[in-house]
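Work through the exercises below with the model open. Try each task before reading its solution.

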Amino acid sequence: MRVDAHIHFWRLARGDNSALDPAMAPLWRDCEPGLLRPELDACSIDRIVVVQAAETLAENLYTLGLAAR
């Protein structure tokens with residue numbers, strides 16, 4: 001089994017990820033599990049560990065919601 005032990009997901013519209021700004025063009029977009037799936041498959045990654053991207057309640061609820069799916 002191959003595990004990627006450090007993955008972040010985020011939604012820009014939530015506005016709580018202060019580490020991102022428009023000058024970071026490659027990253028200035030939503031990053032959601034469906035977008036990562038083809039990359040994980042190409043690298044034969046079986047599992048991931050999601051690490052919070054912002055220190056907010058909204059981020060925690062978002063991450064827990066992803067895990068529930």
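Buried means under 20% relative accessible area, exposed over 50%, and partly exposed in between (1.4 Å probe, protein chains only). The model is predicted: local features need pLDDT of at least 70, side-chain atom pairs count only at pLDDT 80 or more, and totals for chains, interfaces and linings use all residues. Residues are numbered from 1 along each chain as its sequence is written, and side-chain values use heavy atoms, leaving out hydrogens and water.

**Exercise 1. Trace the salt bridges that involve R14.**

Step 1. Take the partners. R14 pairs with D16, closest N and O atoms 2.9 Å apart. R14 also pairs with E59, at 2.4 Å. The second pair ties together parts that are 45 residues apart in sequence, because R14 lies in the loop between β1 and α1 and E59 in helix α2. Helices (H or I, at least four residues) and strands (E, at least two) are DSSP runs, numbered from the N terminus.

Step 2. Classify each residue. R14 has 26% relative accessibility, so it is partly exposed. D16, at 15%, is buried. E59, at 0%, is buried.

Step 3. Conclude. R14, D16 and E59 are linked in a network of salt bridges.

**Exercise 2. Describe the salt bridge between R37 and D41.**

Step 1. The N to O distance is 2.7 Å.

Step 2. Both residues lie in helix α1, four residues apart, about one turn of the helix.

Step 3. R37 is partly exposed at 40%. D41 is partly exposed at 47%.

**Exercise 3. Locate N17 and list its contacts.**

Step 1. N17 sits in the loop between β1 (3-7) and α1 (33-42).

Step 2. Its relative accessibility is 15%, so N17 is buried.

Step 3. Contact means heavy atoms within 4.5 Å. Leaving aside residues up to four places away in sequence, N17 touches W10, A53 and A54.

Technical notes
Salt bridge = Lys/Arg side-chain N within 4 Å of Asp/Glu carboxyl O.
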